Amino acid sequence: MTTATELDRLMSLMTGDEKHDAAATSTLDVLWTLYDRVLGRNDRFFLSKGHGPMAFYAVLTAKGFLDESELKTWGRADSRLGYHPDRTRVPGAEISSGSLGHGLPLAVGTVFGLDARKLPGDIVVLVGDAELDEGSNAEAIAVAGREGMERLTVVVIDNSSATHGWPGGIASRFAVEGWETRTVDGRDHDALHHAFTEAHPGRPLAVVAVVEPKG
């Protein structure tokens, strides 16, 4: 059984990008809850918050996509584990990411494609609160709400890194466009599981995961 201690140990094998430690650790509980308890066989996960992907690589290792020995190579010129995930090189990575603002628009386009081809599965995309400053996300939020994309879930990691913030909180940014919204403790696995799995018929879902710094 994988524990928080084990995930922390796997993350500790990757060094050299300490400036993104907080970005990585703020996603760890959300990522583990999704991969261990939420994502189904036909579902797809998009990591839009691709800078500092140590937690992502640790979870992929715990789930068998990567071998533990490879984690020590991360960031090297000869490693497929880059400081930003590359979908052509990293098993389990659906998109290449790191530049802010791309994951949610890609998710919206994927939902349109799956619907057109009548293929099963939901899309979950993880974004950072600072990414919501990007105009591409504003457009994607509006389109998904208007289209009632029930199979789309966005989880926003709220670690207070956004420059300006939003009047009324992050959830209001989505609610005004017709999304179902839920704000939870981003380190509480049971609360996250409930937020991700409770029905939201006819509407896309935004889960705001509030993460306070550890220590």
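## About the model

Residues are numbered from 1 along each chain as its sequence is written. Because the model is predicted, local features need pLDDT of at least 70 and side-chain atom pairs count only at pLDDT 80 or more, while totals for chains, interfaces and linings use all residues; side-chain values use heavy atoms, with hydrogens and water left out.

## Salt bridges

Side chains of opposite charge can pair when their charged atoms come close. Here a salt bridge is a side-chain nitrogen of Lys or Arg within 4 Å of a carboxyl oxygen of Asp or Glu, and by this rule the count comes to 12. One of them joins E68 and R9, whose closest N and O atoms are 2.9 Å apart. E68 lies in helix α5 (residues 68-71) and R9 in helix α1 (residues 4-12), so this pair ties together parts that are 59 residues apart in sequence. Helices (H or I, at least four residues) and strands (E, at least two) are DSSP runs, numbered from the N terminus. E68 is partly exposed at 33% relative accessible area, and R9 is partly exposed at 33%. For these labels, buried means under 20% relative accessible area, exposed over 50% and partly exposed in between (1.4 Å probe, protein chains only). E6, R9 and E68 are linked in a network of salt bridges.

K63 forms a salt bridge with D36, with the closest N and O atoms 2.7 Å apart. This pair links distant parts of the chain, 27 residues apart: K63 sits in the loop between α4 (54-62) and α5, and D36 in helix α3 (residues 28-38). K63 is partly exposed at 34%, as is D36 at 38%. E177 and R146 also meet through their side chains, at 2.4 Å from N to O. E177 is in the loop between α8 (170-175) and β4 (180-185) and R146 in helix α7 (residues 135-147), so the pair ties together parts that are 31 residues apart in sequence. E177 counts as buried at 17% relative accessibility, whereas R146 counts as exposed at 60%.

## Helix α7

The helix that carries R146 has 13 residues and reaches 19 Å from its first C-alpha to its last, close to the expected 18 Å. That expected span is 1.5 Å times one less than the number of residues. In α7, N137, A140, I141, A142, A144 and G145 are buried. What covers the buried residues of α7 includes α6 (103-117), β3 (152-158) and α8. Just after α7, G148 takes a positive phi of about 60°.

## Around S79

S79 is found in the loop between α5 and α6 and is buried, at 5% relative accessibility. Its side chain makes a polar contact with the side chain of T73 at 2.9 Å (N or O atoms within 3.5 Å; within protein, one must be able to donate a hydrogen and the other to accept it, and residues adjacent in sequence count only if both atoms are side-chain atoms). The S79 side chain also reaches the backbone nitrogen of L81 at 3.0 Å.

## Aromatic pairs

Rings of Phe, Tyr and Trp (its six-membered ring) pair if their centres lie within 6.5 Å; planes under 30 degrees apart count as stacked, over 60 as edge-to-face and the rest as tilted. The count comes to 7 aromatic pairs. The rings of F174 and W179 have centres 5.0 Å apart and planes at 70°, so this pair is edge-to-face. Both F174 and W179 are buried. Elsewhere, Y35, F45, F56, Y57, W74 and Y83 form one aromatic cluster.

Technical notes
Contact = heavy atoms within 4.5 Å.
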